[in-house]
Amino acid sequence: MANGTVLEARDLVVEFPGRRVLDGVSFSIREGELVSLIGPNGAGKTTIFRSVLGLLKPTSGLILTRAKRQSDSATAATTARINGTAATATATSTVAKRAFGYVPQQVSFDRELPLRVKDVVRLGIDGHKFGFSRDRKGREKRIAEVLEETGIPELASKRVGELSGGQQKKVMIAHALAGEPEMMILDEPLANLDLKSQDQVVALLERVSKVKHVAVFLSAHDINPLIPVTDKVIFVSGGKAACGPINEVMNSEVLTSLYGHRVDVFDYHGRMVVLADPEGGHHHDHAEGHGGEGRLNW
Amino acid sequence: MFSSFMVNAWIAGTFVAVLGGVVGFYVVLGGNTFAAHALPTSAFAGAGAAAIAGVDPLVGLLAFSLLGAVGIASLENRASQGVPTALITTFILGVGSLFLSITNSYGEQIFAVLFGQVLGISRGELWAIGGTSIVCVGAVGLMSRPITISVLLPASAEAAGLNQGRMKLALLAAVALATSIALPVVGALLIFTLLVSPAASARYLVSSLRGGVVASVMIAVITVWLSIGLAYLTNLPVGFFVGTFGVLGYVGARTLSKVTSR
């Protein structure tokens, strides 16, 4: 694994009964990089995340992670070969769980829930640990730091259930950051947010990657809000994936190759519009259901 | 009101209230109130099994409550919508009715199991209630952070390496233990009130996790003390007062929350 790389996937294959969800997917993510995972529903985005997090045992392939050791400050390159055996899969998941902060797509909090913003952040620091906390002062200091970094110190004592969707998303990002991960994985962080909240979350994620040098790996249906901040895009479709800078992946040639039929990519006032050939089989049906005739709107 | 048998009642009631307040907080936090209702019904069959086997009823209660907890934790998931819990509850009630039909001594224990006999607690029972309560509260305290993240942020907990099935089983085992210990005091029908009402009321009164646990315990203790005192003075069942204060406390907390948030 190259120096500075925090995650590398090689020839990842995941098969579910009756279908191959990922078919030889490869990509790498470096520290401080913001990587957008784009693709239509059912393309395998969540499967990639679950494989990286160690929650799913891939059929075959290789995942390399640079895990941050909790016992000392040294980092070590850790290699795990996944060949379908239980022992190697367990080793992979153990490494993955120490390295990543995860923000799930759907989190809902009741208004009456006795849970303040700082409680959620606190759970990100040591919520998975048994026993009683020993370093309370250090923990409280860390909570204040993270709330400052994410720009929500004034919300510390608010009930999280009373916050807006955009504020709750920031709280969850603070929760994931609190454990000082090498990489943050965010499942559809912009879903169900208004444009203003989307901009705020994107700006926050840019700060996390560029100022904190934490790699950010997120999935999205629409690349457009992320174009200004994305270092690399992984476009996944039909089990295959293309990985690289936006202009090298989001073009007609690469997407046509991925889809297996003609796909056109246009620049419209700085926004990307992707159109599929109306004769393009099942993808054409997908396009009609979302963005009008021939438009692929994921 | 403070003669020796009443002192036992006050002490046992306090232990049970603290236990119910702590365990109940995590039950309500995770929306496991149906399971908390189901497990005490296991006592019905557990007492019957103990009567037939000729062992201490507490052993039967504990064994059947834990079996119920294992069954619910194994079969219940996000998609099952409480169906396994309902089926296990009715199955255990059926087993209890079977035991009732084949033994006479069981019938004499039914009233005590269902409604409790707080004024008849012996010194030996007091030690058992106190010791088990302390162990159970300590165990829940040690697991409080993993239980909290598992019930509130299950995806994050899973990504952090916590086994969701095991965490649910741990919580339900605590409920089973609390149920078995509390039965002599408030009975199977009313332990649900102590597990749910104080914690549900606390949600409306405080905004933090730690404050929620403290408020839940305080409400539970006040409920039990008032109930025992009034039961002594009026000669009415303790369970009647526990159930009444449970509902009044919950309605009062909701009303107060609505009024203050305007």
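## A helix across the sheet

Helix H5(A) lies across S6 and S7 of chain A, and its direction makes about 165 degrees with that of S6(A). Axes here are lines fitted to C-alpha atoms, for helices over the stretch in contact, and angles run from 0 to 180 degrees between N-to-C directions. Helices (H or I, at least four residues) and strands (E, at least two) are DSSP runs, numbered from the N terminus. Another helix, H8 (residues 252-259) of chain A, packs on the sheet and touches strand S9 (232-237) and S10 of chain A; the direction of H8 makes about 30 degrees with that of S9(A).

The model is predicted: local features need pLDDT of at least 70, side-chain atom pairs count only at pLDDT 80 or more, and totals for chains, interfaces and linings use all residues. Residues are numbered from 1 along each chain as its sequence is written, while chains are lettered from A and ligands numbered from 1 in the order in which they are written.

## The sheet

In chain A, 6 strands form an open sheet with mixed pairing, in the order S6-S7-S8-S3-S9-S10. Two strands pair if DSSP finds at least two bridges between them. S6 and strand S10 (240-244) of chain A stand at the edges with a single partner strand each, so one side of each has no neighbour in the sheet. On average, neighbouring strands of this sheet are turned by 15 degrees against each other, direction ignored.

Strand S7(A) runs parallel to S6(A), to which 4 bridges join it. S7(A) also runs parallel to strand S8 (residues 215-220) of chain A, again joined by 4 bridges. A:Met184 in S7(A) is the bridge partner of A:Gly101, and A:Val216 in S8(A) is the bridge partner of A:Met184. A:Tyr102 has A:Ile185 as its bridge partner in S7(A).

Both faces of S7(A) (residues 183-186) are covered: A:Met183 and A:Ile185 on one side are buried, as are A:Met184 and A:Leu186 on the other. A residue is buried if 20 or more other C-beta atoms, placed from the backbone, lie within 10 Å of its own.

## Two packed helices

Helix H3 (residues 117-126) of chain A and helix H5 (residues 165-178) of chain A have axes that come within 6 Å and cross at roughly 30 degrees. The two helices are therefore roughly parallel to each other, a term for angles under 35 degrees.

Among the residues of H3(A) that meet H5(A) are A:Val117 and A:Leu123, and those of H5(A) include A:Val171 and A:His175. Residues are in contact if their C-beta atoms, placed from the backbone, lie within 7 Å. The contact comprises 9 nonpolar, 2 polar and no charged residues. Ala, Val, Leu, Ile, Met, Phe, Trp, Tyr, Cys and Pro count as nonpolar, Asp, Glu, Lys and Arg as charged, and the others, Gly among them, as polar.

## Contact with chain B

In the contact between the chains, 22 residues of chain A touch 25 residues of chain B. H3(A) gives the largest share of the chain A side, 3 residues. By class, this side has 11 nonpolar, 4 polar and 7 charged residues.

Key. Angles under 35 degrees count as roughly parallel, over 145 as roughly antiparallel, 65 to 115 as roughly perpendicular and the rest as oblique. Two residues are in contact if their C-beta atoms, placed from the backbone, lie within 7 Å. A residue is buried if 20 or more other C-beta atoms lie within 10 Å of its own, exposed if 12 or fewer, and partly exposed in between; C-beta atoms are placed from the backbone.
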